[in-house]
Amino acid sequence: MCIRDRRRVHGSEVFVEFIYEIQKLYNKRDNPFHNFDHGFLVGQGCYMFLRSKVHAGLFDDINGLSLILSGIGHDVDHTGRNNAFEIASLSRIALRYNDVSVLENHHASTLFRVLSNPKTNILESVTEEQYRRIRKITLSNILKTDMKEHFPLVKAIQEKRALYKEEFLKKIGESENDLLTYTGFLTHCADLSGQIKPYDISSEWSKRVSKEFSAQYEEEKKLGLPLSPFMAGLDSIHNIAKQEIGFIRGIIKPMWVECNECMNGEIKHLIENIERNSEEWAKVLANHQ
């Protein structure tokens, strides 16, 4: 076996070990929603953006790798609770990250700890300069998945598109900071991609997150923490439907419509899925009054 073949085999082994370790960390708490299935879904969403025709030539290899790495690792070692819970409970990671984007900082740190292990370091062949750039982009992308960043992030993209008009993607690609904002936006979109799937798939994601929310609500009551009202009563399909309709109309559809505008209408079919899902949840709500 020649040296090049040995390196290829070694690289494949390291990649497999990396995926196994990421999967193990995602699934260690048996979260209904924030598990490896979700991480893989978001990674696939990032890959979809990377392979988009309208994005051809926009991302170099480093940006492309960072985007997929961000998607796969964005929720690794998730606690099954949200930032508000971590902060209210004074959890170990809340204390470590001073109540600022607690989970997102934890996920990013965990991902790079995995990458620091020679057995799982899929970046072992990149130069130090390339590694620093991958780290910068990936950290930025993951931190932008904090829901507190949602409205400022969408607004920032809207303003850039209004400024650059038909040259939006060209201008975005000419600015490192603009491209960093855009890849963060795409990672955030991929993170909230459950509702772009057909209803039979998207509704399963809705039920999973509702189960996880219900578990948090019960733990909040048990620990005497401030209760999260939107997590109450999600053992009822009526309440799930009501919440999903509000989430789609207030968060999901406006964000994905903006994403579609950025991509010159290339993902119009996904907007149609979102609209159909809203209609299906409205039917469920009407049938469970």
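Student: What pLDDT does the protein average?

Tutor: Since this is a predicted model, we begin with the predictor's confidence in each residue. Residues 1–7 stay under 50 in pLDDT, and the model has two contacts beyond four places in sequence for them. Over the protein, however, 96% of the residues score at least 70, and the average pLDDT is 96.

Student: Which helix gives the most to the lining of the largest pocket?

Tutor: The largest pocket holds about 900 Å³ of space. Among its 37 lining residues, the closest to its centre are His34, Met147, Leu192, Phe213 and Phe247. The elements that each give two or more residues to this lining are helices H2, H4, H6, H11 and H12. Of the lining residues, eight come from the helix that gives the most, which is H11.

Student: Is His188 buried or exposed?

Tutor: His188 lies in helix H10, which covers residues 176–191. Leaving out residues up to four places away in sequence, His188 touches Lys144, Thr145, Met147, His150, Leu153 and Met255. The cut-off for a buried residue is under 20% relative accessible area, and because the relative accessibility of His188 is 0%, this residue counts as buried.

Student: How many disulfides does the structure hold?

Tutor: A disulfide needs two cysteine sulfur atoms within 2.5 Å. The cysteine sulfur closest to that of Cys259 belongs to Cys189 and is 4.1 Å away, so the distance is too far for a bond. Cys262 is in no disulfide either, as its nearest cysteine sulfur, that of Cys259, is 6.2 Å away. For the structure, the number of disulfides is zero.

Student: What is the relative accessible area of Cys262?

Tutor: The cut-off for buried is under 20% relative accessible area, and Cys259, at 0%, counts as buried. Cys262 is buried as well, with a relative accessible area of 1%.

Student: How far apart in space are Cys189 and His150, C-alpha to C-alpha?

Tutor: Cys189 lies in helix H10 and is buried, with a relative accessible area of 0%. Not counting residues up to four places away in sequence, Cys189 touches Phe49, Met255, Trp256 and Cys259. Along the sequence, Cys189 and His150 are 39 residues apart, while in space their C-alpha to C-alpha distance is 9.6 Å.

Methods:
Residues are numbered from 1 along each chain as its sequence is written. This is a predicted model: local features need pLDDT of at least 70, side-chain atom pairs count only at pLDDT 80 or more; totals for chains, interfaces and linings use all residues. Side-chain values use heavy atoms; hydrogens and water are left out. On a 1 Å grid over the protein atoms alone, a cavity is a set of points where a 1.4 Å probe fits but cannot get out, and a pocket is an open set with protein on both sides within 12 Å along at least five of seven lines; lining residues have an atom within 4 Å of a point. Grid points are joined across faces, edges and corners, and a volume is the space filled by probe spheres set on the points. Helices (H or I, at least four residues) and strands (E, at least two) are DSSP runs, numbered from the N terminus. Buried means under 20% relative accessible area, exposed over 50%, partly exposed in between (1.4 Å probe, protein chains only). Contact means heavy atoms within 4.5 Å. pLDDT is the predictor's confidence in each residue, from 0 to 100.
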